[in-house]
Amino acid sequence: MSATSPLAQLDDARLDDAYVPAAGSFDEMRAADGGLRPHWQYLVDTLRQLGRGGIETRWREAHRLIRDNGVTYNLHGDPRGMSRPWELDPLPLLLRGEEWAELERGLIQRAELLNAVLLDLYGPRTLIAQGLLPPELVDGYPGYLLPCHGIGVAGDRPLVFYGADLTRDTDGGWRVIGDRTQTPSGAGYALENRVVLSRVMPSLFRDSHVHRLAGFFRGLRRAMNRLAPGDAPQARVALMTPGPANAAYFEHAYLANYLGYTLVQGADLSVRDGALWLRTLGRLERIDAVLRRVDDCFCDPLELREDSMLGVPGMVQAVRAGNLTVANALGSGVLEHPGLMAFLPELCRQLLGEDLLLPHLHTWWCGRAEDRAYVLANLGALVIKPAGGHTNGGPGPRVLFGRSLDAGARDRLAAQIQAEPHRFVAQEEVKPSTAPVYVDGRIEPRPFVLRSFSVAEDDGYAVMPGGLSRVALSTDTPMVSSQLGGLGKDTWVLATEPEREETLLGLHDTQSTAIVRESDVSSRVADNLFWIGRYAERAEGLVRLLRVTAINLTARSSFAAEDEGIGCLGTLLEALNEQCHGNVPLPTADEPAALAAPTPELLSLITDLERVGALPQTLQALGQAAWSVRERLSSDTWRVINDIERHLRRLTGQPPRTLNAALNVLDPLVTSLVAFSALTQENMTHNEGWHFLEAGRRLERGMNLAALLRSTLVNVIPGPEEGLVVEAVLGVTDSLITYRRRYQSGTRVGALLDLVVQDEANPRALAYQILSLSALVDDMPRDPMGPTRSAAQKGVLRLLTELRLAGLDQLAQPDADGLHRGALAQFLTDQENGMAEVSDALTAQYFRHEEHPHHMIEHRLSAVRR
């Protein structure tokens, strides 16, 4: 499916006539005789009424919403990386409420069973002692974490959040094909699918009486509060993520926002006195419970995997001491052992006293002699899975399809099974059931897998009504996985009567009236916000300077050394060189012959992603910093960031060949950058995080302005050329209208300095930046035992004093030689250096450097400057 799906030339009224289910598979929409299943009738009638044009319109609207909301999922090897948008099919998967109730009972029982198995394996291990589970199956599996044995679990619920992957057999019965017990992902994508589809098809959603999802997430909040140690209503819960490079980072940020949890990385946390603490600015805040999205073996480099950079040293000890609840419990990955399925029917009878309600794939663990004999005799018809680890860089456990192996490969595999039988599991190969998908203007059947989600309640488990369906675009794929590509699909469980509408935001405990305002800005978050402000301002200043220079150049078709305007153009090119840290070999006013053809260099600055200091690299750095704190940015702000990224792709994907074409992109790019600034100013809570973002913005704007004035005004340009330079500077600083209204006597350097240096009411003036920075630094967290003024406060005070005492007449006056303004050069250099020292002081006081990629970029720029 592509963003411009071609419409098939068929009669709209019979849109589904070409829908022919694959032989040998159960299809959700059509029965074996080709008839439409009754609960699909209303949807199909609606689609026929909409026709291809209507469906296409809704598909485009869904695609736009996903793009605007920044919904992404990164596939291994995808060149779009973290910018790859989530793909959503506009047709929901429909399930009857009666059928779902039966499936729900099986899922609840399975969750209870796995929870009981987990309690036993990390407790008395009676299942192994009684011979119900072989010790080799458990102890030889990397997912069994010996340091976690004997650790008590709050509420006897180590399995708080459970996911099961489901498909149907040829008779339509549901089968479990995989258990997800470490960090089940996909619930956030299921929620986003619902939000998008209910918006693009509101009438269909309303009239179909679809079960809502909000209640499930309220249950998750209750579970985390209930299992957390201490005062449950005031429990502090964090969602722990591996970081922005993770494929599902969008979901981590999305769920953290939706649930009201603090999104943290391992580097934000510290274990002290046997408890887990969040390192915020200037203080520590206690964390009572962690909903983790980090695999359990990576959570503690001290006791688990020592090479982990994602975890927190001492986390296991904090759990052992009873001061921290981790969901799911550390070590729950043992339940994902594919060979465990072979033992679950008997375990269910022993532990729960009943037969397993929901069957799974027939499974053979090769550690048992009879299973091994069967597997070796039927190797060509089975699916072989290793029971120990993942492939390097792969999307999941390595899976071998016996039918696809040649004789030699089959023999080698048989030898490996004979040598280490306990490391191999075989399962029957099942052909996934199919569901209707809108692809290339048609409705066609495609294989799908449904991932359901369950959460622990006081007296059992609650199941999300529906879940995340994933669809493969290929009709003959043997596997369906998000990491292998394909589409997401909203899953509708149909009620017999209208569902009560529930807000997606009303998740907090309505019985608690206490309001707790917490500071959850870690130094990592503050650092990223600080650099968001700097990169956003740097990009805006560079775009404005590029735009004025390009307009100046395109206004004149060619130059000779004596032409009017050549001095202004050379000065602007020097300013660009200064702005890009001396990495731009642009012609200068001292090289008039080279001024005849500066266009290629300007275009390179606008379009070259590999050029250090150029516009694309600055925009890319802004996007990376924003992505790192995605949960801090509103939906509106994120839409603007997506606009900025689209402008970046326009500049670099098919670079404009002329300056006029480049200006057509730069003009809306300035608007997007200004919109981003306005949203962070007006829509973002002015808490500690905002103070650092705004401080970064003010520092960058002040340093850019000082550099601009130094590169344009220090060298005296004789004659009317200086007026052109002053006008260009006013254009870059967006102060031209104010200048013309305030100063009626033409363009003068002294008047310019009055407006853009000392006017404390002009948002584009240097004085405004320093004055704003002074207030921001004063409001930042302080050590009460520290000095009266911090190094940053002293630096800002010195800058503001020097600026207010500066004499504009003296600064504007040329030296005796009439060629330079030495006093102005010294003043601007002092101001720029002073702001750099304030930036360094803030970094030293609040941030850690080694964890953040933008510091690497800054080191590269510093090397270029040197």
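Ser454 is buried, at a relative accessible area of 1%, where buried means under 20% relative accessible area, exposed over 50% and partly exposed in between (1.4 Å probe, protein chains only). Ser454 belongs to strand 16, residues 442–457; helices (H or I, at least four residues) and strands (E, at least two) are DSSP runs numbered from the N terminus. The model is predicted: local features need pLDDT of at least 70, side-chain atom pairs count only at pLDDT 80 or more, and totals for chains, interfaces and linings use all residues. Residues are numbered from 1 along each chain as its sequence is written, and side-chain values use heavy atoms, with hydrogens and water left out.

- Leaving aside neighbours within four places in sequence, Ser454 is in contact with Leu107, Val160, Phe161, Tyr162, Phe216, Tyr461, Ala462 and Val463; contact means heavy atoms within 4.5 Å.
- Gly388 is located in the loop between strand 12 (382–386) and strand 13 (400–401), and its relative accessibility of 27% makes it partly exposed.
- Not counting residues up to four places away in sequence, Gly388 touches Tyr141, Pro142 and Arg423.
- The C-alpha atoms of Gly388 and His422 are 9.4 Å apart in space, while the two residues are 34 residues apart in sequence.

**Backbone geometry**

- Most residues other than glycine have a negative phi, and most peptide bonds are trans.
- Arg125, although not a glycine, has a positive phi of about 55°; Arg125 sits in the loop between helix 2 (97–121) and helix 3 (126–129).
- His209 is not a glycine either and has a positive phi of about 55°.
- The loop between helix 6 (202–207) and helix 7 (214–227) holds His209, which is partly exposed with a relative accessible area of 23%.
- The peptide bond between Ala327 and Asn328 is cis, with omega about -5°; Asn328 lies in the loop between strand 10 (325–327) and helix 10 (344–352).

- Strand 19 (residues 487–494) is mostly covered, with eight of its eight residues buried.
- In a regular strand the side chains alternate between the two faces of the sheet.
- Strand 1 (residues 93–96) runs parallel to strand 19 and is joined to it by four bridges; two strands pair if DSSP finds at least two bridges between them.
- Arg96 stands opposite Leu494 of strand 19.
- Strand 18 (residues 468–471) runs antiparallel to strand 19, again with four bridges, and Arg470 has Gly488 of strand 19 as its bridge partner.

- An open sheet of four strands has the order 5-4-9-10, with parallel pairing.
- Its edge strands are strand 5 (262–264) and strand 10, each of which pairs on one side only.
- The twist averages 25° from one strand to the next; axes are lines fitted to C-alpha atoms, for helices over the stretch in contact, and angles run from 0 to 180 degrees between N-to-C directions.
- Three bridges link strand 4 (residues 237–240) and strand 5 in the parallel sense, and the bridge partner of Ala238 in strand 5 is Thr262.
- Helix 7 packs on the sheet and touches strand 4, strand 9 (289–292) and strand 10; the direction of helix 7 makes about 140° with that of strand 9.

**Helix packing**

- Two packed helices are described by the angle between their axes and the distance between the axes.
- Helix 7 and helix 8 (residues 249–259) pack at about 80°, with axes 11 Å apart.
- Helix 7 is therefore roughly perpendicular to helix 8; angles under 35 degrees count as roughly parallel, over 145 as roughly antiparallel, 65 to 115 as roughly perpendicular and the rest as oblique.
- Ala214, Phe217, Leu220 and Arg221 of helix 7 meet Leu255, Tyr258 and Leu259 of helix 8.
- By class, this contact of helix 7 with helix 8 has six nonpolar, no polar and one charged residues; Ala, Val, Leu, Ile, Met, Phe, Trp, Tyr, Cys and Pro count as nonpolar, Asp, Glu, Lys and Arg as charged, and the others, Gly among them, as polar.
- The axes of helix 20 (residues 721–732) and helix 22 (residues 749–756) come within 10 Å and cross at roughly 10°, which means that helix 20 is roughly parallel to helix 22.
- Glu722, Val726, Val729 and Leu730 in helix 20 meet Val749, Leu752 and Leu755 in helix 22.
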